Amino acid sequence: LREAIKTLVSEGLVEIVPAKGAIVRKFGERDVFHILEVLKSLEQTAARLLCANAPDAAIEALTAMHDEMMALYQRRDRLAYFKCNQQIHSGIVTASGNPVLAEMHEQLQSRIKRVRFVGNDKPDRWAGAVAEHEEMCAAWRARDGERLAGILGVHLDRTMNRVRDAI
């Protein structure tokens with residue numbers, strides 16, 4: 001149990017408070033903004049590396065995940081959609097070929113999963129995120145790293161707007 005708590009502390013999900021012990025960390029708007037700001041930079045860097053260096057199989061795998069995510073959207077299976085969505089963002093970073101980038105991305109992504117899930121609770125917000133993912137897929141298939149980086153930047157900026165009410 002102690003090791004598990006240490007891991008959660010190192011991931012920034014739990015805080016040790018004197019005289020209280022381990023408590024779950026609460027993320028405010030500024031915390032989420034800062035995390036999304038760094039995720040944006042990481043994903044934009046990953047986008048450029050992905051388009052420049054990833055093997056065709058990685059691009060095909062991302063496209064297959066995207067197609068599955070779109071099918072989940074059509075069925076309005078929000079939880080499965082969200083999990084697939086997170087796999088796509090992580091897949092972009094992993095396929096960039098930079099393991100340090102992937103490690104940092106995973107750590108930050110885990111901190112705000114819940115708030116990102118809640119952020120797509122309204123149909124118009126969800127549809128907006130889906131449209132952005134359609135653009136992302138077209139950009140990585142064209143191997144246009146700058147375009148993909150730009151779309152990811154907009155997507156993560158809009159994510160802050162989508163999650164603001166959930167914070």
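Which residues are linked with E132 in a network of salt bridges? R158 and R162 are the residues joined with E132 in that network.

## Basis of the values

This is a predicted model, in which local features need pLDDT of at least 70 and side-chain atom pairs count only at pLDDT 80 or more, while totals for chains, interfaces and linings use all residues. Residues are numbered from 1 along each chain as its sequence is written, and side-chain values use heavy atoms, with hydrogens and water left out.

## Salt bridges: rule and count

Side chains of opposite charge can pair when their charged atoms come close. A salt bridge here is a side-chain nitrogen of Lys or Arg within 4 Å of a carboxyl oxygen of Asp or Glu. The count by this rule is five salt bridges.

Helices are DSSP runs of H or I with at least four residues, and strands are runs of E with at least two, numbered from the N terminus. For accessibility, buried means under 20% relative accessible area, exposed means over 50%, and partly exposed lies in between (1.4 Å probe, protein chains only).

## Helix α2 to helix α8

K40 and D157 form a salt bridge through their side chains, at 3.0 Å from N to O. This pair links distant parts of the chain, with K40 in helix α2 and D157 in helix α8 (residues 145-163), 117 residues apart. K40 has a relative accessible area of 22%, so K40 is partly exposed. D157 is also partly exposed, because its relative accessibility is 40%.

## Helix α3 to the α7-α8 loop

A salt bridge joins the side chains of D56 and R143, at 3.0 Å from N to O. D56 lies in helix α3 (residues 56-75) and R143 in the loop between α7 (123-141) and α8, so the pair ties together parts 87 residues apart in sequence. D56 counts as exposed because its relative accessibility is 51%. R143 is partly exposed, at 27% relative accessible area.

## Helix α7 to helix α8

The side chains of R158 and E132 meet in a salt bridge of 3.1 Å, N to O. R158 belongs to helix α8 and E132 to helix α7, and the pair links distant parts of the chain, 26 residues apart. R158 has a relative accessible area of 43% and is therefore partly exposed. E132 has a relative accessible area of 4%, so E132 is buried.

## R30 in helix α2

R30 is placed in helix α2 (residues 29-53). With 55% relative accessible area, R30 is exposed. The C-alpha atoms of R30 and I92 are separated by 26 Å, the two residues being 62 residues apart along the chain.
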